[in-house]
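Work through the following exercises with the sequence and the structure side by side. Try each task yourself before reading its solution.

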Amino acid sequence: MDEVKAMARAGESVGKAVGTGIKSARHGAKRAGEVGMALSKQAAALAEQELANHGYSTDELQELIAQRATGMSRKELAKRGRKARKQWEKKTANSRKQLAKNTAAARKELAARIDPGKPKPRRKWPWVLLALTALGAAAAVAFSRRPEELPVAEADDSFTRRDTQARHRASRPDVPAQPDGQANITPERSH
């Protein structure tokens, strides 16, 4: 059991050492940050003093750096940046609109595939209209035809005489006589 106790004590001592090391590293980093901040303030003040000795302000220096880097002044760069931002906003707005349209269309198509629903009922009124038109046309044709004119009887109530013989069944030898047994007799007509 001595080995277990020795290992436990070793772990504790290592843990203390690691904890102490981390604590001192944190404190050192904090001190380094504070010293770095103080030195940068001193360097900035010294740089401003040197610029003032040469006749430049910090704004003029920024302008000079911008001109040497891009060939344009800060005002021109700001104007160009505003234009670029406006164009970017327009493009993103158009892209959003198109994306919304595409999303809506895809959503509808997907919904139609998942649940096609019942088919639309076929309309019957065009067939009814067609049938009514056909009936109207047939009625118009029927009423437009004039009935066949029959000969009008003369004033003395006699009919015109026929020169040809009548074609009745009784006058034909191959056809039997009338069913009531009477022969077909044509009466003489007066002139």
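**Exercise 1.** What percentage of the 191 residues of the chain count as buried?

*Solution.* The model is a predicted one, in which local features need pLDDT of at least 70 and side-chain atom pairs count only at pLDDT 80 or more, while totals for chains, interfaces and linings use all residues. Residues are numbered from 1 along each chain as its sequence is written, and side-chain values use heavy atoms, with hydrogens and water left out. A residue is called buried under 20% relative accessible area, exposed over 50%, and partly exposed in between, using a 1.4 Å probe and protein chains only. By this rule, 3% of the 191 residues are buried.

**Exercise 2.** Describe the secondary structure, and check the length of helix H2.

*Solution.* Begin with the count: the chain has 4 helices and 0 strands, where helices are DSSP runs of H or I with at least four residues, strands are runs of E with at least two, and numbering starts from the N terminus. The order of the elements is therefore written α-α-α-α. Next, take helix H2, residues 58-70, whose 13 residues should span 18 Å at 1.5 Å a residue, since the expected span is 1.5 Å times one less than the number of residues. The end C-alpha atoms of H2 are 18 Å apart, which agrees. Just after H2, Gly71 takes a positive phi of about 85°.

**Exercise 3.** Which residues make the nonpolar surface patch of about 260 Å²?

*Solution.* Such a patch joins nonpolar side chains (Val, Leu, Ile, Met, Phe, Trp, Tyr) within 5 Å, from residues with over 30% relative accessible area and no salt bridge. The patch is made by Val14, Val18 and Ile22. Of these, Ile22 lies in helix H1, residues 2-54, and Ile22 is partly exposed because its relative accessible area is 44%.

Terms used. Patch = residues over 30% accessible without salt bridge, like charges linked within 9 Å, V, L, I, M, F, W, Y side chains within 5 Å. Areas by Shrake-Rupley, 256 points an atom, 1.4 Å probe, with all protein chains shown as cover. Salt bridge = Lys/Arg side-chain N within 4 Å of Asp/Glu carboxyl O.
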